[in-house]
Amino acid sequence: MPTHSDAFANLRVFDHPLIQHKLSVVRDVRTPPADFRRLLNEIAGLMTYEVSRRFDTHAVEVQTPLERTTCRQLSRPVTLVPILRAGLSMTDGVMQLFPEARVGHIGIRRDEATHRPVFYYAKLPHDVREGYAIVIDPMLATGGSACAAIRYLKDAGCRDVQMICLVAAPAGVKRVHDEHPDVMVFTCALDRELDGNAYIRPGLGDAGDRVFGTVEA
Ligand code: PRP
Ligand code: URA
């Protein structure tokens, strides 16, 4: 069960020992892309169990080999929405628990000079408004990318949006709260601050570069 944050009403932090152990390896600069990707997916899967805790279910009749019984099934479809590129690195892990989920993609990159989000692509299921949307991105720094993605989803009609990230900065959590107070943010760590380049400290560096092996020498 993630803990409530004293600082932010919209934040839940996973302090589970297994998740924290995996996060320590992810943060380590020596961890190569293959292990980085595997760990992000493992953590995302573990988070998904709790992120979906409040999803609605309804009663269904099931015939077991012995008798009919009443069970419960999820009532509404789930759409996973990774923010390209780095969000892709956690999506398979979430899909392991939601194999029927649809995946919508939103392409946003941060301008290196201004740190403002630059929107370049989106493709969502036509009925995305029907169910739950889970925005996936390992890094919540200034919050510009997350807020732009959430705005796009809301403009498409989504009413139930949540976000999964690996590491969050206070500024990003605050911005999501200010602009989208209805959106719960699930993270594994609330880090200390942003530095002058709007990188999260201590953070884990540039997530997209570490996932895809594009770190500059
Ligand atoms: C990173 C990260 C987030 C964004 C967070 O993406 O994956 O999308 O920065 O920063 P923000 O909260 O200040 O907006 P980046 O722009 O590096 O693109 P990439 O995933 O393609 O590498
Ligand atoms: N994007 C990243 O990948 N890392 C940060 O620390 C901030 C933004």
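The shell around ligand 1 is made up of 5 nonpolar, 5 polar and 5 charged residues; in this division Ala, Val, Leu, Ile, Met, Phe, Trp, Tyr, Cys and Pro count as nonpolar, Asp, Glu, Lys and Arg as charged, and the others, Gly among them, as polar. The model is a predicted one, in which local features need pLDDT of at least 70 and side-chain atom pairs count only at pLDDT 80 or more, while totals for chains, interfaces and linings use all residues. Residues are numbered from 1 along each chain as its sequence is written, chains are lettered from A and ligands numbered from 1 in the order in which they are written, and side-chain values use heavy atoms, with hydrogens and water left out.

Of the 15 residues around ligand 1, those that come nearest are Arg-110, Asp-137, Thr-142, Gly-143 and Ser-145; a residue is near a molecule if one of its heavy atoms lies within 4 Å of it. Strand 7 (105–110), strand 10 (139–140) and helix 4 (144–155) each contribute at least two residues to this shell. Helices (H or I, at least four residues) and strands (E, at least two) are DSSP runs, numbered from the N terminus.

Polar contacts, here pairs of N or O atoms within 3.5 Å, also link the ligand to the protein. The side chain of Thr-142 places an N or O atom 2.6 Å from an oxygen atom of ligand 1, and a polar side-chain atom of Ser-145 lies 2.6 Å from an oxygen atom of the ligand. Ala-86 takes part through its backbone, with an N or O atom 3.0 Å from an oxygen atom of ligand 1. Taken alone, ligand 1 exposes 500 Å², and the protein buries 91% of that, by the Shrake-Rupley method with a 1.4 Å probe.

Ligand 1 sits in the largest pocket, in the sense that more than half of its atoms lie within 2 Å of the pocket's grid points. On a 1 Å grid over the protein atoms alone, a pocket is an open set of points where a 1.4 Å probe fits, with protein on both sides within 12 Å along at least five of seven lines, and lining residues have an atom within 4 Å of a point. The largest pocket has a volume of about 790 Å³, which is the space filled by probe spheres set on the points. Its lining comprises 34 residues, with Arg-109, Arg-110, Tyr-199, Asp-206 and Gly-208 nearest the centre.

The second largest pocket holds about 210 Å³ of space. Among its lining residues are Met-1, Arg-12 and Phe-186.

How values were computed. A polar contact is a pair of N or O atoms within 3.5 Å; within protein, one must be able to donate a hydrogen and the other to accept it, and residues adjacent in sequence count only if both atoms are side-chain atoms.
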